Amino acid sequence: MTTNQFTCLLWGIFFLFLLSSCDSDEKEGNSFEAKFSIQTDPSNANFIQVTADQEGDPYEWSCDAAGSSTQSGQSAVFYLEKKGAYEITLKQKVNGKQGISTKQYTIAEDSYYHQQGESLWWNDEFTAPEVDVLSWNYDQGTGKWGNNEWQNYTNKSENSFIRDGMLVLRAMKSGEGQKIGDYTSARLTTRGKKEISRGRVEVRARLAGGVGLWPAIWFYGTKASPYYSEIDLLEYVGCDKDIIYGAIHTTATLEGDQKVSSSLKVPDVEDNFHVYGMNWTDDKIEFYLDSPDNIYLPFRPEDTSDPSVWPFDSQLYLIINIAVGGDWGGMRGVDDSIFPREMEVDYVRFFQK
């Protein structure tokens, strides 16, 4: 090899080293350490919420308990049903840079639902910035909801929206007041999207109060027709402060004198969140507050073969709404000074065996 050839070879090696160093620097400059926090659900230690410290897009969350499934968004909720150690990983981009981080989290006990042989079928934790239209519908309009109610249900963002990981339903005074159409509110349903026949339902919510308001969490459907089928998991009549109501309506209860209903004094329903739960099996429906052990309305008919008594072999869909006025909600009038008022829903969870 001549001196010139050797010199050229050295220059070539030097330039390759420079290029590789530039590539390495560029790769290092395009990455960062993603950071996130883990918070335990205050109502259930087997649900955890993870939140990225930095805003960016996209986010990709994964957990070794969830197989190959992933979640998106700055926050996500994972259900870790069995005791043990889990790895949660976040991948995200911020200003074109790619970040990744993994943390380990330990669950001390199997979940109550897992111990009952139940699996999480569907849930909405409201971690997305907007209401999930793949799961929820908006009922809209006035004068067609029964009970002589006064509200106009809308799909406007002022009446229903996501805020800080909560679904918010807001009732507002929009007119002069004291008649149909002078108030707006929201009524969301899972009709045709998330319907169930049997299972456990838990909805954690803080209720809207005030004379004339009538928030509700309930199930309805027509698949048992001609038999009537309605499950009122929660009704709160603002003029009866701090008293929640539950009821089950069938053809037999509507036509006869055997009502299935109950009430419970709960002093802080307007100020604090509670879990409104239902366990629906082949032969019974039980309502409970906060804990499955705290049952306040059991429905266990002797004969479930009669669809006028037990129409609950057919699917029902969930409805969450705030009514204004009406035969029951407005039995002591509507106080126009209370508006606007909000109902907040932390989560909705359906479990099935």
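Q: How many helices and strands does the chain have?
A: This is a predicted model. The chain has 3 helices and 26 strands.

Q: What box do the C-alpha atoms fill?
A: Roughly 110 × 50 × 35 Å, along the principal axes.

Q: And what is the radius of gyration of the chain?
A: The chain has 27 Å. A compact globule of 353 residues would be near 20 Å.

Q: What share of the residues is buried?
A: Buried residues are 47% of the 353 in the chain.

Q: Which residues have the most contacts inside the largest nonpolar core?
A: Ile217, Ile244, Tyr276, Ile285 and Val348. That core has 52 residues.

Q: Which strand gives the largest share of this core?
A: Strand E25, residues 316-324, with 5 residues.

Q: Back to Val348. What is Val348 in contact with, leaving aside neighbours within four places in sequence?
A: Trp122, Asn123, Asp124, Phe126 and Trp136 are on the list. Glu202, Val203, Leu318 and Ile320 complete it.

Q: What other core lies apart from the largest one?
A: One of 16 residues. Cys63, Phe78, Tyr86 and Ile107 are among them.

Q: Contacts over the whole chain: what share comes from residues 24 or more positions apart?
A: 67%, counting contacts with a separation of 6 or more.

Q: New topic, charges. How many positive and negative side chains?
A: The chain has 32 positive and 53 negative. The centres of the two sets lie 2 Å apart.

Q: And how much accessible surface does the chain have?
A: About 17,400 Å². Carbon and sulfur atoms account for 47% of that surface.

Notes: Residues are numbered from 1 along each chain as its sequence is written. This is a predicted model: local features need pLDDT of at least 70, side-chain atom pairs count only at pLDDT 80 or more; totals for chains, interfaces and linings use all residues. Side-chain values use heavy atoms; hydrogens and water are left out. A nonpolar core is a set of buried Ala, Val, Leu, Ile, Met, Phe, Trp, Tyr and Cys residues joined through side-chain atoms within 4.5 Å. Buried means under 20% relative accessible area, exposed over 50%, partly exposed in between (1.4 Å probe, protein chains only). Helices (H or I, at least four residues) and strands (E, at least two) are DSSP runs, numbered from the N terminus. Contact means heavy atoms within 4.5 Å. The radius of gyration is taken over C-alpha atoms; the globule rule is 2.2 Å times the number of residues to the power 0.38. Accessible areas come from the Shrake-Rupley method with a 1.4 Å probe; for residues, only the protein chains shown count as cover. Lys and Arg count as positive and Asp and Glu as negative; His and the chain ends are not counted. The place of a charge is taken as NZ of Lys, CZ of Arg, CG of Asp or CD of Glu.
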